[in-house]
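Student: I would like to learn how to read the features of a model. Can we go through them one by one?

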Amino acid sequence: MLKIKNLHANVEGKEILKGINLEIKAGEVHAIMGPNGSGKSTLASVIAGKEEYEQTEGEIILENEEISELEADERARKGVFLSFQYPVEIPGVSVTNFIKTAINETRKAQGLEEMPAKDMLKKIKEKSELLEIKRGFLSRSLNEGFSGGEKKRNEIFQMAMLEPKFAMLDETDSGLDIDALRIVSNGVNKLKTKDNAVMVITHYQRLLNYIVPDFVHVLMDGKIVKSGGKELAHKLEEHGYDWIKEEMKMA
Amino acid sequence: MNELRFMDLKDKLISSFYAYEDHLQVTDQVHDVKVQAIKDFETLGFPKKKEEAWKYTSLNKLLKQDYNLFAQVEDALDYKEVKKYFIHEIDTYTIVFVDGVYASQLSSTTHDKIDACLMSSAMEKDKYADLLEKYFNKIAPKSGLNALNTAFARQGAFINIPKNTVADKPIQIINFSTGKENNLMIQPRNLIVVGENAQVEIIERHQSLTENPVFTNSVTEIFVDKRGMLDFYKIQNDTHHASLIDNTFIKQMAETHCSVHTFSLGGALTRNNLEFYQKGEHSNSILKGVTLIEGKQHVDHNTLVHHTQPNCESHQDYKGIYDEKSVGVFNGKVLVEKIAQKINAYQSNNNILAHDDATINSKPQLEIFADDVACSHGCTIGQLDEEALFYLKSRGIPAKEARALLTYAFANNVLESVKIGAIKKRINKLIANKLNVNLGFDL
Ligand SMILES: Nc1ncnc2c1ncn2[C@@H]1O[C@H](COP(=O)(O)OP(=O)(O)OP(=O)(O)O)[C@@H](O)[C@H]1O
Ligand SMILES: [Mg+2]
């Protein structure tokens with residue numbers, strides 16, 4: 001599904017990603033963990049195509065296509081999705097209008113007609129029920145005044161609507177209360193198929209009890225320094241990152 | 001050199017007035033007013049750049065041209081061709097002028113419960129003599145441009161909403177120019193009287209149908225009596241060859257509500273002199289605008305709210321999006337007299353420069369002589385938010401559409417307060433056309 005080879009990226013002239021290699025196959029869930037400031041969100045943004053983040057080296061291959069040169073919107077229309085750690089507030093645009101525009105622009109690019117209003121409504125209803133989102137919520141301005149948890153839930157609602165091939169969830173668990181965490185994780189699991197893939201960025205093992213990863217990677221100082229199965233997350237939860245640093249020194 | 005050219009047009013106007021004053025076909029009484037006006041214009045002249053209120057807007061280019069002052073329209077316009085300029089989705093009264101001359105076949109006037117008709121016919125009828133005496137040329141302050149309009153105005157809309165009457169439909173005033181007469185100067189003159197506890201909604205548009213330059217110097221005087229309500233919508237979406245100076249003056253009495261929305265989406269040079277005079281307690285003035293221009297277009301909002309009575313409010317909210325080499329000016333003056341205590345005056349002017357070459361000059365002017373007032377003003381100049389653009393693009397929305405969406409969002413709160421759905425829809429459409437997008441929904 002997604003192959004990343006020797007990815008380097010600069011932010012404001014400073015190198016943040018220092019050679020990342022990662023392969024995520026269809027049907028898999030990968031978790032990325034790592035200390036604050038290690039470059040997790042940067043990695044997700046670079047994959048999503050954020051322009052200010054300059055990719056200086058390496059390749060990003062989505063289903064056999066190198067997408068490094070594509071604009072963010074083109075990547076999105078090819079099935080890349082990022083659930084933001086900090087979703088932007090956009091006053092004046094309602095959630096519904098926003099999601100309609102996103103879906104119809106994607107269809108337009110694929111040479112399809114706009115989605116009939118009836119189908120759109122049905123889909124919105126179905127997906128908002130999946131995430132237990134109240135009706136009135138969807139007519140509010142996008143993220144404006146949303147609580148932290150509401151923002152995250154709204155991100156996953158958008159994911160449900162857009163049905164991406166490759167979804168990155170950047171700290172989607174932060175800000176969610178216990179019930180919301182269960183609802184949102186359940187939503188993500190329901191969307192999961194053998195044909196798509198998910199990359200979850202998180203600090204806590206708790207989320208991974210719900211969204212169970214096939215692989216866990218540790219990102220430190222712009223590099224993946226350790227990979228393992230889901231038990232690695234337990235170990236990190238218990239012991240933190242110091243032991244990895246020690247291991248690295250030894251090597 | 002320029003000064004000399006200025007003199008040329010000014011002199012030409014003055015001598016034309018005397019040579020053609022019989023074209024004006026007015027009563028003796030009005031004739032006297034006009035003669036006085038041309039004398040005033042002779043003294044006051046056109047605004048000069050050194051005047052503070054004209055610092056950022058130069059009429060130089062406009063005044064260098066020669067204009068035909070007394071156009072004669074030969075062929076009637078076909079409604080089918082100009083229908084798109086009307087808010088035709090709803091039932092309205094229409095008062096339409098072509099090259100400054102009344103176009104009866106495009107108009108639908110009334111004298112039934114309200115008067116929505118022509119200035120010329122109002123001036124002929126005795127029953128309006130009283131109203132004209134009281135308000136015509138009494139609300140507009142003395143200025144060169146107003147005097148020029150008074151001298152030359154041949155036609156305009158006369159609207160009179162009697163006491164306790166709610167106008168049953170909105171009224172549209174549309175001025176077309178056909179350019180059959182090369183360069184054209186038109187000076188419409190409107191008078192609107194809203195009686196005690198009466199209500200009306202008015203839509204105004206100036207539309208050129210030609211590539212030839214058109215220079216419109218329009219004056220609208222409005223009087224709103226106690227507890228009256230006025231909602232005025234100005235749609236300015238003219239060609240790159242048409243320039244407009246819109247002078248609108250509103251005198252409002254106690255407990256009145258008056259709002260003016262100005263949508264400036266096109267025109268060569270557009271200057272809005274919009275002035276509110278509050279003459280009674282508990283009155284409310286609302287001034288809102290969206291400016292969205294590109295190319296070398298120039299839009300200037302010069303507003304005044306004069307608070308002369310206590311316990312009143314005014315709200316100004318102007319949004320501007322400037323692309324390419326366009327220029328915006330906002331000069332908002334709020335004047336609070338000493339006796340006008342407990343005033344709540346709010347002014348905000350937010351701008352987006354969508355291009356490095358675009359300019360905005362924003363200048364709030366608060367002159368407050370009362371001590372117990374709440375006045376606030378805020379001005380921002382910025383770009384479209386890059387983070388927000390990335391967010392939208394990351395959902396598959398292309399850059400152009402993402403920009404459009406943010407532009408809509410930016411202008412949204414001004415549109416929200418438009419009470420007529422058909423106008424909201426129209427403005428949405430005009431903005432979408434300008435931004436070359438089809439978002440498939442209205443905000
Ligand atoms: N726009 C920016 N300008 C300057 N520095 C930036 C910018 N974005 C990220 N950085 C820097 O890049 C580094 C990596 O940031 P990033 O947000 O990717 O970390 P993270 O691993 O997601 O951290 P956290 O766990 O706190 O979310 C940090 O040192 C951060 O300060
Ligand atoms: Mg992060």
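**Reading the features**

Tutor: Arg77(A) and Asp73(A) are both buried. This is a predicted model. Let us start with that pair.

Student: What does Arg77(A) form with Asp73(A)?

Tutor: Side chains of opposite charge can pair when their charged atoms come close. Here Arg77(A) forms a salt bridge with Asp73(A), with 3.1 Å between the closest N and O atoms. Both residues sit in helix 2 (residues 72-77) of chain A. They are four residues apart, about one turn of the helix.

Student: Which parts of chain A does the pair Lys151(A) and Glu89(A) tie together?

Tutor: First the contact: Lys151(A) and Glu89(A) form a salt bridge, the closest N and O atoms being 3.3 Å apart. Lys151(A) lies in helix 5 (residues 148-162) of chain A, and Glu89(A) lies in the loop between strand 6 and strand 7 of chain A, so the pair ties together parts 62 residues apart in sequence. Lys151(A) is buried, at 15% relative accessibility. Glu89(A) is partly exposed, at 36%.

Student: How many residues apart are Lys249(A) and Glu246(A) in helix 9 of chain A?

Tutor: Three residues, about one helical turn, in helix 9 (residues 242-250) of chain A. Lys249(A) is exposed, at 63% relative accessibility. Glu246(A) is partly exposed, at 44%. Salt bridges can also share partners: Glu51(A), Glu71(A) and Lys393(B) are joined into one network that way. Over all chains the count is 32 salt bridges.

Student: On to chain B. What is the strand order of the open sheet of ten strands?

Tutor: Strands of a sheet pair through backbone hydrogen bonds, either parallel or antiparallel. This sheet in chain B has the order 2-1-5-8-10-12-14-16-18-20, with mixed pairing. Its edge strands are strand 2 (101-102) and strand 20 (374-382) of chain B, each pairing on one side only.

Student: How many bridges join strand 12 to strand 14 of chain B?

Tutor: Eight, between strand 12 (residues 257-266) and strand 14 (residues 284-293) of chain B, which run parallel. Cys258(B) stands opposite Ser285(B) in strand 14 of chain B. Helix 10 (residues 421-435) of chain B packs on the sheet. It touches strand 8 (199-208), strand 10 (229-237), strand 12 and strand 14 of chain B. Its direction makes about 25 degrees with that of strand 12 of chain B.

Student: What strands does helix 9 of chain B lie across?

Tutor: Helix 9 (residues 399-416) of chain B lies across strand 12, strand 14, strand 16 (313-322) and strand 18 (344-353) of chain B. It runs at about 155 degrees to strand 16 of chain B.

Student: Last, the cysteines. How many disulfides are there over all chains?

Tutor: A disulfide is a covalent bond between the sulfur atoms of two cysteines. The count here is zero. The cut-off is 2.5 Å between sulfur atoms. The sulfur of Cys312(B) is 11 Å from the closest cysteine sulfur, in Cys258(B), too far for a bond. For Cys375(B) the closest cysteine sulfur is in Cys312(B), 12 Å away, also too far for a bond. Cys312(B) is buried, at 1% relative accessibility, whereas Cys375(B) is partly exposed, at 25%.

Notes:
Residues are numbered from 1 along each chain as its sequence is written. Chains are lettered from A and ligands numbered from 1 in the order in which they are written. This is a predicted model: local features need pLDDT of at least 70, side-chain atom pairs count only at pLDDT 80 or more; totals for chains, interfaces and linings use all residues. Side-chain values use heavy atoms; hydrogens and water are left out. Buried means under 20% relative accessible area, exposed over 50%, partly exposed in between (1.4 Å probe, protein chains only). Two strands pair if DSSP finds at least two bridges between them. Helices (H or I, at least four residues) and strands (E, at least two) are DSSP runs, numbered from the N terminus. Contact means heavy atoms within 4.5 Å. Axes are lines fitted to C-alpha atoms, for helices over the stretch in contact, and angles run from 0 to 180 degrees between N-to-C directions. A salt bridge is a side-chain nitrogen of Lys or Arg within 4 Å of a carboxyl oxygen of Asp or Glu.
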